[in-house]
Each structure stands twice: as C-alpha cells, then as structure tokens.
Amino acid sequence: MANRAIARAKQLVESKALVAPVPVEAVVNTFGLQVVRQKFDGSVSAMLYRYEDSSGVVGVNSTHHRLRQRFSIAHELGHYLLHPGRPLIVDGVRVSFRNEESSMATQPEEIEANQFAAELLMPSDQVRANSLTHFDNEAHEVQKLASIFDVSKDAMRFRLVNLGLHSVA
Amino acid sequence: MDEFEVAVASAVGADIAKRRVKQELRQQDLAGVIGRSRTAVVNIEAGQQGISLAMFLRIADALECEPAELLPDQSVLQGLISLGIQDDDLSLSHGRDVSEWVRAVVAKGRNG
C-alpha cells in the first residue's frame with residue numbers, strides 16, 4: 001500500500017537534496033516553523049502550534065535526550081505537513097482513563113508522523129547504501145549507522161528491521 | 001463552570017500568580033490591595049474561582065501590568081480542551097502543567 005507519510009518525507013528529502021545527518025531544525029525552519037526548547041518535567045515530548053498565517057512553533061521538551069529531540073522535531077513536522085486543521089497538537093501527554101477513546105482516534109496520525117520522521121531522518125535509500133558498506137556484524141552496524149544519521153541506536157535498530165535489512169533481534 | 005471557563009480561570013490564575021511573584025508580592029499583599037481574603041487569592045490563582053471583569057481589572061492594576069498580559073491565547077486553550085486534559089480530576093494537575101508549558105512555548109515563539 002502506498003504510504004502518504006513516507007512518500008511525503010521522500011519528496012522532501014529529494015527536493016531539498018538532504019543527506020545524513022539531516023539538519024532537521026533547518027528543514028523545519030524552511031516551513032516558517034520555529035523550534036522552541038522548553039523544560040517540562042513529565043512525559044510530554046513535543047508540540048506543534050500553528051498561527052493563523054500557517055507559520056508556527058514546534059516546542060520540544062528540553063529535558064529529553066538530544067537525539068530524542070531530533071526525532072520529536074521531525075515527528076512534529078510530519079504532523080504539520082500531513083495533518084492540517086488542528087491548531088495545537090501535543091505529543092506524549094498521558095491521558096486519563098476517561099479520554100482513552102479520544103487518544104485512540106488520533107493514533108493513526110501518530111503512526112503517520114512517526115513514519116514520516118523515520119523516513120526523513122533515516123531515508124531508506126541512504127540507509128541501504130550505507131548498510132552495504134558496514135556489514136561485519138549487526139550490533140556494530142547499528143552503532144555506526146546511528147552515528148552517521150545522528151539518531152538513537154534504538155531508532156536505527158528499529159529502522160533496519162523495518163526495512164528488512166536486519167532480522168528481529 | 002463549563003470546561004472552557006475552567007480552562008480560562010486556570011490560565012488566568014496561573015498568570016496572576018506568576019505576575020504577583022515577579023512583583024515580589026505575597027498572596028496576602030495582593031489580597032489586601034484588592035480587598036479580598038488571602039483564601040480568595042489562593043482560589044483565584046488555582047483557577048478554582050471565576051472572577052468578575054471588574055475584579056480582573058483591579059488585579060491587573062494591583063500587579064501593575066496591562067490586563068492583556070494576564071489573558072490566555074484562546075486557540076491554545078481550545079486546543080488544550082480538545083486534548084481533554086483539563087476536564088477531570090484525574091488529569092487536572094497534569095493538565096495545568098501541560099497548559100503552562102504549551103503557553104510558554106507559544107509565547108517564546110512569538111517573541112523570538
């Protein structure tokens with residue numbers, strides 16, 4: 001099935017000729033979005049707020065690890081490009097029991113934003129190309145690729161399995 | 001109060017508290033200037049008590065700030081309400097923190 005989230009990220013990587021490590025914050029800025037880092041003591045990871053003129057702010061929890069922040073910023077750009085209409089999106093909010101249904105409803109959007117972020121930060125073509133050059137052992141490769149793409153090892157491990165390049169460990 | 005009124009009271013209360021601390025006033029001091037009890041100030045700052053427009057202006061005056069500085073951004077509040085994080089006891093305290101964080105981010109974004 002054609003996936004519009006992945007397609008949109010691919011298009012962005014191509015049109016801007018992005019090469020790993022993708023300068024995600026600069027990319028976000030080109031859409032009139034500003035990145036604001038703000039401490040939050042809790043589960044909130046990031047947010048997107050749109051002004052009426054379609055510019056906006058991407059807020060990131062500055063207490064989170066730098067690599068997680070990178071992924072969160074890419075995730076919010078995914079929301080921005082794929083999910084128009086909502087002025088405010090906050091990710092990582094722990095919802096209470098009563099709101100379980102409403103959080104379920106937005107789950108497809110979360111999956112899309114994650115797929116977008118993965119393709120933007122770890123473009124499949126570039127992961128494949130780099131993967132061929134370091135195939136000595138899988139754990140070692142995860143580490144090398146994570147540093148090339150400037151993502152966490154967990155994100156890269158998941159990506160490699162997802163692209164069928166590694167087996168599920 | 002309906003959920004929007006709760007969200008407004010909560011946001012305004014938080015802004016009043018922040019401004020009061022900045023002015024180095026105690027709750028008791030503010031209470032004295034606006035002619036209410038300290039408990040009333042506690043409730044207003046906690047968003048547990050709606051206030052009249054006249055009282056709001058009196059508070060802004062006491063805190064030596066423009067009334068607009070104490071007013072929340074309506075679309076931020078609407079967004080928070082749509083997330084359902086203001087509407088029940090389970091999530092109220094967490095909701096207030098999130099609301100503060102979101103508003104701080106938006107304010108920084110605007111000023112920067």
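View 1. Buried means under 20% relative accessible area, exposed means over 50%, and partly exposed lies in between, with a 1.4 Å probe and protein chains only. Helices (H or I, at least four residues) and strands (E, at least two) are DSSP runs, numbered from the N terminus. In a regular strand the side chains alternate between the two faces of the sheet. From β2(A), A46(A), L48(A) and R50(A) point one way, whereas M47(A) and Y49(A) point the other way; all are buried.

Residues are numbered from 1 along each chain as its sequence is written, chains are lettered from A and ligands numbered from 1 in the order in which they are written, and side-chain values use heavy atoms, with hydrogens and water left out. As the model is predicted, local features need pLDDT of at least 70 and side-chain atom pairs count only at pLDDT 80 or more, while totals for chains, interfaces and linings use all residues.

View 2. Strand β3 (residues 56-61) of chain A pairs with β2(A) in the antiparallel sense over 5 bridges; two strands pair if DSSP finds at least two bridges between them. G56(A) in β3(A) is the bridge partner of R50(A).

**View 3. The pairing of β2(A) with β4(A).** Strand β4 (residues 88-91) of chain A is joined to β2(A) by 4 bridges, and the two run antiparallel. Opposite L48(A) stands I89(A) of β4(A), and the bridge partner of Y49(A) is L88(A). Both faces of β4(A) are covered: L88(A) and V90(A) on one side are buried, as are I89(A) and D91(A) on the other.

**View 4. The loop between α1 and α2 of chain A.** Most residues other than glycine have a negative phi, and most peptide bonds are trans. P21(A) lies in the loop between α1 (4-15) and α2 (24-29) of chain A, and a cis peptide bond with omega of about -5 degrees joins A20(A) to P21(A). A17(A) has its place in the loop between α1 and α2 of chain A. The phi of A17(A) is near 50 degrees, a positive value in a residue other than glycine. A17(A) counts as exposed, because its relative accessibility is 57%.

**View 5. E64 in a loop of chain B.** The loop between α4 (53-62) and α5 (74-83) of chain B holds E64(B). A positive phi, near 50 degrees, is found at E64(B), a residue other than glycine. With a relative accessible area of 60%, E64(B) is exposed.

**View 6. The second largest pocket.** Rolling a probe the size of a water molecule over the atoms shows where empty space is left. On a 1 Å grid over the protein atoms alone, a pocket is an open set of points where a 1.4 Å probe fits, with protein on both sides within 12 Å along at least five of seven lines, and lining residues have an atom within 4 Å of a point. The second largest pocket holds about 440 Å³ of space; grid points are joined across faces, edges and corners, and a volume is the space filled by probe spheres set on the points. Its lining has 21 residues, of which F71(A), N114(A), A118(A), F158(A) and N162(A) lie nearest the centre. Two or more lining residues come from each of α3 (66-82), α5 (107-121) and α8 (153-162) of chain A. The lining divides into 10 nonpolar, 5 polar and 6 charged residues. Ala, Val, Leu, Ile, Met, Phe, Trp, Tyr, Cys and Pro count as nonpolar, Asp, Glu, Lys and Arg as charged, and the others, Gly among them, as polar.

**View 7. The make-up of each chain.** Chain A has 8 helices and 4 strands, in the order α-α-β-β-β-α-β-α-α-α-α-α along the sequence. Of its 169 residues, 48% count as buried. Chain B has 6 helices and 0 strands, and 46% of its 112 residues are buried.
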